[in-house]
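Hello,

Here is the structure I promised to pass on to you. Could you have it open while you read the notes below?

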Amino acid sequence: MDTNCSRRFNRWNFDFQFFGGILNADATAGGGWAGRIGNAGFKGETTVLIPVMNGTPDSTTAVIGTIMMDYVFTDGWYVSGAYLYNQAGTDAIPSISGFYLPRLTLRNLMPFRHSWSSMVSKAITPILTATGVVIYSPASSTLIAVPSLNYSIADAWDVYLTGQVFLAKQDSGYGSLGHTIFLRLKVSF
């Protein structure tokens with residue numbers, strides 16, 4: 001069951017939104033903003049999830065919040081930096097399967113309590129874009145690198161290649177938790 005209400009307004013050249021409602025088994029409330037500081041984008045949001053139905057898998061209140069700045073340079077480079085807080089997250093490193101096996105919900109978009117990310121992206125040519133994302137968490141000094149390439153084969157055809165490199169402090173020192181590579185062919189019609 002999804003029911004919600006929201007209020008939006010603009011002040012000081014920032015867009016603000018406040019919302020509340022029911023999402024699945026949780027009462028939700030939160031808010032967010034988007035605007036600019038100089039030429040840089042400045043965005044953030046927070047959500048509180050309070051379980052209200054019996055027999056749900058998540059029985060604790062959770063607070064999730066993000067804050068982000070981004071900037072587009074005149075030569076086409078895009079950079080961003082963000083912080084994510086997840087009250088329900090852990091301060092320990094999960095196994096590599098911990099990133100892929102759980103049912104993805106708003107409560108577990110990132111398994112860590114604290115995460116920082118940065119992204120750099122550039123259109124190399126009009127049909128080829130390269131992107132690099134780095135996510136860091138103090139939980140076992142976890143570092144996740146996600147390089148990717150997106151290539152437009154034809155008007156409605158794209159091929160996307162991305163990798164994921166997981167590194168963390170372990171008993172034997174700092175090392176790999178695993179790596180993955182994904183290839184996607186997409187047709188739009």
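Below is what I found, starting with the ground rules and then going from the whole chain to single residues.

This is a predicted model, in which local features need pLDDT of at least 70 and side-chain atom pairs count only at pLDDT 80 or more, while totals for chains, interfaces and linings use all residues. Residues are numbered from 1 along each chain as its sequence is written, and side-chain values use heavy atoms, with hydrogens and water left out.

**The whole chain**

The chain has 11 strands and 0 helices (DSSP runs numbered from the N terminus, with at least two residues of E for a strand and at least four of H or I for a helix). Of its 189 residues, 26% are buried, meaning under 20% relative accessible area, where exposed is over 50% and partly exposed lies in between (1.4 Å probe, protein chains only). The chain exposes about 11900 Å², and 62% of that comes from carbon and sulfur atoms; these areas are from the Shrake-Rupley method with a 1.4 Å probe, and for residues only the protein chains shown count as cover. Take the contacts (heavy atoms within 4.5 Å) between residues at least 6 apart in sequence: 34% of them join residues at least 24 apart.

Strand E4 covers residues 40–51 and runs antiparallel to E5 (residues 62–72), with 9 bridges joining the two; strands count as paired if DSSP finds at least two bridges between them. Glu45 has Thr66 in E5 as its bridge partner. E5 and E6 make a hairpin with 5 residues between them, and Gly76 in the turn has a positive phi of about 100 degrees.

Thr47 sits in E4. It counts as buried because its relative accessibility is 8%. Leaving aside residues up to four places away in sequence, Thr47 touches Phe19, Ala29, Gly30, Ala62, Val63, Ile64 and Leu106.

**A nonpolar patch**

Ile127, Tyr151, Ile153, Trp157, Leu185, Val187 and Phe189 make a nonpolar surface patch of about 780 Å². Patch residues have over 30% relative accessible area and no salt bridge, with nonpolar side chains (Val, Leu, Ile, Met, Phe, Trp, Tyr) joined within 5 Å and like charges within 9 Å; a salt bridge is a side-chain nitrogen of Lys or Arg within 4 Å of a carboxyl oxygen of Asp or Glu. Strands E9 (142–154) and E11 (173–187) each supply at least two of the patch residues. Val187, in E11, is partly exposed because its relative accessible area is 38%.

Best wishes
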